[in-house]
Amino acid sequence: MGVARIEDYFSRFGFDMPTGIDLPGEAAGVLYGPDYREKNGRLWRVGDTYNISIGQGDLSVVPLRLLSFIGGIGNGGVMKRPFVVSEIKNSRGEIMEKTSSEDGFRLDDYSQEIAEVQKGLRAGVESAEGTVHRLADLPMSSAGKTGSAQILGNTKINAFFVGYAPAENPEIAILVLVEDAREGSSNTLPIAHDVLKWYYENRLNKKPA
């Protein structure tokens, strides 16, 4: 693909922009490509392109954006804007301001590609060789991926998991990040399993018929 095209897609999928959550000081992701390297007196080599093509190397992603992204993959391409406060009322109980999650952006042009990614994320759970197979015994279907994020000049590794459930019609997206814990599957999946099981028992399974 080449680094220029990777940077282009990085931007198209919103990784270099904040989600717009209603909290102050939100950061955005950064791909420290050739221009950044040259300004800092270093050369960009083909090996650096290989690294960022798999999410390693000179690439920073904000966890909240990654959560929005995996939710968008699950629902077919709608990157929704997360929010903390759904509405603001005055002393009389009248709604003065209402927040909408529809202020994100859409990736409908990539519906075919997104469908293939969905298959892979679901296979990670359903296949006995999948890195997320621990979630296979949940009472609902799920999809996801583990990972290891290298930070501080590769001196520290954070384990994480991103996923959604139910796989065929997602209602919840989840990101689990365990700092300085190395491997993603052994450290994050027990947490993800408990959260998704609780969601099924206390939210999904208690909805009125």
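Of the 209 residues in the protein chain, 36% count as buried, meaning a relative accessible area under 20%, with exposed set at over 50% and partly exposed in between (1.4 Å probe, protein chains only). The model is a predicted one, so local features need pLDDT of at least 70 and side-chain atom pairs count only at pLDDT 80 or more, while totals for chains, interfaces and linings use all residues. Residues are numbered from 1 along each chain as its sequence is written, and side-chain values use heavy atoms, with hydrogens and water left out.

The protein chain contains six helices and nine strands; these are DSSP runs numbered from the N terminus, with helices being H or I of at least four residues and strands E of at least two. Taken along the principal axes, a box of roughly 60 × 50 × 35 Å is filled by the C-alpha atoms. Among contacts with a separation of 6 or more, 52% come from residues 24 or more positions apart, a contact being heavy atoms within 4.5 Å.

Spanning residues 3–12, helix 1 has V3, I6 and F10 buried. These three lie on the same side of helix 1 because they cover an arc of only 60 degrees around the axis, the arc being that of the directions from the helix axis to the C-beta atoms. In general, an α-helix has 3.6 residues a turn, so residues three or four places apart point the same way. The cover over the buried residues of helix 1 includes strand 1 (30–31), helix 2 (34–39), helix 3 (46–53) and strand 2 (59–60). Just after helix 1, G14 adopts a positive phi of about 80 degrees.

Aromatic residues deserve a paragraph of their own. Six aromatic pairs are present in the structure; rings of Phe, Tyr and Trp (its six-membered ring) pair if their centres lie within 6.5 Å, and planes under 30 degrees apart count as stacked, over 60 as edge-to-face and the rest as tilted. The ring centres of F13 and F69 are 5.8 Å apart with planes at 70 degrees, so this pair is edge-to-face. It connects distant parts of the chain, with F13 in the loop between helix 1 and strand 1 and F69 in helix 4 (residues 63–74), 56 residues apart. F13 counts as buried at 15% relative accessibility, and F69 does so at 18%. F69 also pairs with F15: their centres are 4.9 Å apart and their planes at 50 degrees, so the pair is tilted. F15 and F69 are both buried. Ring pairs join Y9, F10, F13, F15, F69 and Y110 into a cluster. Over the ring of Y9 sits the charged end of R12, 4.5 Å from its centre; the criterion is NZ of Lys or CZ of Arg within 6 Å of the ring centre and within 35 degrees of the ring normal.

Leaving aside residues up to four places away in sequence, R37 touches Y32, R42, L43, W44, D48 and D58.

Finally, strand 4 (residues 87–89) and strand 5 (residues 95–98) run antiparallel, joined by three bridges, where pairing requires DSSP to find at least two bridges. I88 has E97 in strand 5 as its bridge partner. The two strands form a hairpin with five residues between them, and G93 in the turn has a positive phi of about 85 degrees.
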